[in-house]
Amino acid sequence: MTLHTALLQGTKLLEEACIAAPRLTAEVLLSHAIGRERVYLYAHPEEELTELGWIHYGRYLHQRLDGKPTQYITRRQEFYGRDFTVSPDVLIPRPETEHLVEAAIAKIRPGDTVVDVGTGSGAIAITLALECGAPIIATDISLPALAVAAGNARRLNASVRLLACDLAGCFRPRSIDVVVSNPPYVPRTDQPALQREVRDYEPHVALFAGPTGIEVYERLIEQARTALRPGGWILFELGYNSLGPVRGMLGSEWSDVEVHCDLAGLPRVLEARLKAE
């Protein structure tokens, strides 16, 4: 079987199963199976697929048809122009989170102590470290997630210090300048309606915040109020319909509250500054 024929057959299987982007998915899985970049498939369409390549490709197609996300099959996801290793221990980084990174970059000054809360794969912390040329502290409650983040930091040569911690509760008062977070914000009641790729494969500890979806925001804002230095910033990604309740959690101690929308016009990032004492 040639690479071209294998690609056509894989695309047909995925299409019939109503998998999103069937052609692209087949390309990614086939190139991963043979250890090549996608362009290789079009440069060598008549090359025979080896028996080992067919075994790998068939297994990957079967996993995707069962709902396993492509990123967990290939263990790769691009974020802010860099390749990150991912596993079912961490959320798959989304392009929308790049808005949070850009907002944070605009706030970080030389010498700031910056903390990424709930780092997961380390995508936010590592990107900030590399873009700002500054060391970043990253926390997560999940030890397997921290292991993934550590591997990404080593591979990308990023200066990131990793701490096992529940949100930002392990920091001394008035010791941080910037808190950045993409926290869990999906209400537990939404679980049945989620795509199976998300519901059945991504880690629930990083997805669900509680019955309403805003529980983690409440805890994080309270902890940041203690950990931030006066004039310090908190920035976090917003979940669907969470802007109103979350903005309402910011009391009189906060100023310069600003919301950044994503490309779809939805409120995606909220930032606020702790008032000087």
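Predicted model: local features only at pLDDT ≥ 70, side-chain atom pairs only at ≥ 80, totals over all residues.
β3 covers residues 114–117 and β4 covers residues 136–140. The two run parallel, and 3 bridges join them.

Next I traced the sheet. It is open and has 7 strands. I read the order as β5-β4-β3-β6-β9-β11-β10, with mixed pairing. From one strand to the next, the twist averages 20°.

I turned to the helices that pack on the sheet. Helix α7, residues 123–132, touches β3, β4, β5 and β6 (176–181). Its direction makes about 180° with that of β4. Helix α11, residues 215–227, also packs on the sheet. I listed its strands as β3, β6, β9 (228–237), β10 and β11 (267–274). The angle between the directions of α11 and β9 is about 160°.

Last entry: E202. I found E202 in the loop between α9 (196–199) and α10 (204–207). Is E202 buried or exposed? Its relative accessible area is 4%, so I log E202 as buried; the cut-off is under 20%.

I then looked for polar partners. The side chains of E202 and R94 are joined by a polar contact of 2.6 Å. A polar atom of the E202 side chain also lies 3.0 Å from the backbone nitrogen of I92. Setting aside neighbours within four places in sequence, I noted E202 in contact with Y72, L91, I92, R94, E197 and L207.

Note on methods. Residues numbered from 1 in each chain as written. Heavy atoms only, no water. Pairing = 2+ DSSP bridges. Helix = DSSP H or I, 4+ residues; strand = E, 2+ residues; numbered from the N terminus. Axes fitted to C-alpha atoms, helices over the stretch in contact; angles between N-to-C directions. Contact = heavy atoms within 4.5 Å. Buried < 20%, exposed > 50% of the residue type's maximum accessible area, 1.4 Å probe, protein only. Polar contact = N/O pair within 3.5 Å; in protein donor to acceptor, adjacent residues only side chain to side chain.
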